[in-house]
Amino acid sequence: MLRKLVVSAVVLLLISATATLAEELYIRPPPRKALHFPWSSRSSSEPRQVHISLAGDKHIRVTWITNDESAPSTVEYGASPGRYSFVAGGESTSYSYFFYESGKIHHTVIGPLKPNTVYFYRCGGKGPEFQLKTPPAQFPVTFAVAGDLGQTGWTKSTLDHINQCKYDMHLLPGDLSYADYMQHKWDTFGELVQPLASARPWMVTEGNHEEESIPLLKDGFAPYNARWKMPFEESGSNSNLYYSFEVAGAHIIMLGSYADYDEYSEQYSWLKADLAKVDRNKTPWLLVLFHVPWYNSNKAHQGEGDRMMAAIEPLLHASSVDIVLAGHVHAYERSKRVNNGRPDPCGAVHVTIGDGGNREGLAHNYVNPQPAWSAFREASFGHGELRIENASHAFWSWHRNDDDEPVRSDDIWITSLVSSGCVAEKSPELRKMLMGP
């Protein structure tokens, strides 16, 4: 009997060790090939890699690149094709990265603009005419969401599907180009997304693939900050890695997973000040985006968001954040309303959507049993759509790339915490958290 018990114990230990090893390793399937970008013969002064983003109330920032140092940073724009009633001047920057020299990167803010209106514009006084549509001032408003994009065949499929939906703005929680020190890939990514990013605002935050730092030689996020300037100054932030903006009836906060976030950090202080300014009567919906997910039942990147979660989740919970969107894990997962690791009717809905099409492939393996807070999970490439209908209800849907068809695999109606009474209930907690007793 004793011998049988010893043998059984050894077998159990071997099984446990094997299971632990399996949990630590996950095998990604073969990804689609990277896209091929042929050299272009266009004029060096012609605007390229055009994209737009919000730049404060009723203003849009237009960004583009030229290889001509003398090209002006001006944007002509108007409400009719070919008829430009206004012209705005901006600023430019550039950077070098060892043997790579960026073109002249132009940033020009235009406005004030009318909401929900189509404008036609031209960059630098030459080149093609572009058109953009400003977001609405009131509900409904629709966001396309896709993180960890990269430049593969899956990326193109995701972008094609986003182009088929009627949306007002693209939200991207980090990992854009996957340049990873090869700076020309920032240029090809800019060309790839231009058809969509020149027509609707793209609001992005940084991921780990944007860092590109080299100790003692190159600071982190320099190419990202030069190319994708977000409205950090307009929102009172001193860093392009975290900022906020408002659209229709939503206040949206973009946080930096790779900027300091403890209670003594500048990001933490800025976040407290930003949350204190939010008027939930004016903006009943409160959304937060960052790269590394806090709630993740995939075996990939387990626990990487725990420290940021410990520091910042109490702030977001006290402020009644409705939805949190993250990337990093190359799979899709939606939580129930959750806080402090447990389902909570006054917590946030967390969505991991880091599967836009990157070259690293999908993260297939999940922790079992499925945690109580996890509502739906699936390892597929695709995008999400968030349509906020009114002050009380929003519709979230997940569209996977299944044989190049945007199959809706998950959807749910979400009731705002304002309408469910959580905001009023937690107002004393919020005042204490943001401003002290």
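**View 1. The open sheet of 4 strands.** The strands follow the order β4-β3-β9-β10, with antiparallel pairing. Strands here are DSSP runs of E with at least two residues, numbered from the N terminus, and two strands count as paired if DSSP finds at least two bridges between them. β4 (86-89) and β10 are the edge strands, each pairing on one side only. From one strand to the next, the twist averages 30°; axes are lines fitted to C-alpha atoms, and angles run from 0 to 180 degrees between N-to-C directions.

**View 2. The pairing of β3 with β9.** Strand β3 (residues 74-78) runs antiparallel to strand β9 (residues 118-123), and 4 bridges join the two. Glu76 has Arg122 of β9 as its bridge partner.

View 3. The hairpin has 6 residues between its two strands, and Gly124 in the turn has a positive phi of about 70°.

**Notes to all views.** Residues are numbered from 1 along each chain as its sequence is written, and side-chain values use heavy atoms, with hydrogens and water left out. In this predicted model, local features need pLDDT of at least 70 and side-chain atom pairs count only at pLDDT 80 or more, whereas totals for chains, interfaces and linings use all residues.
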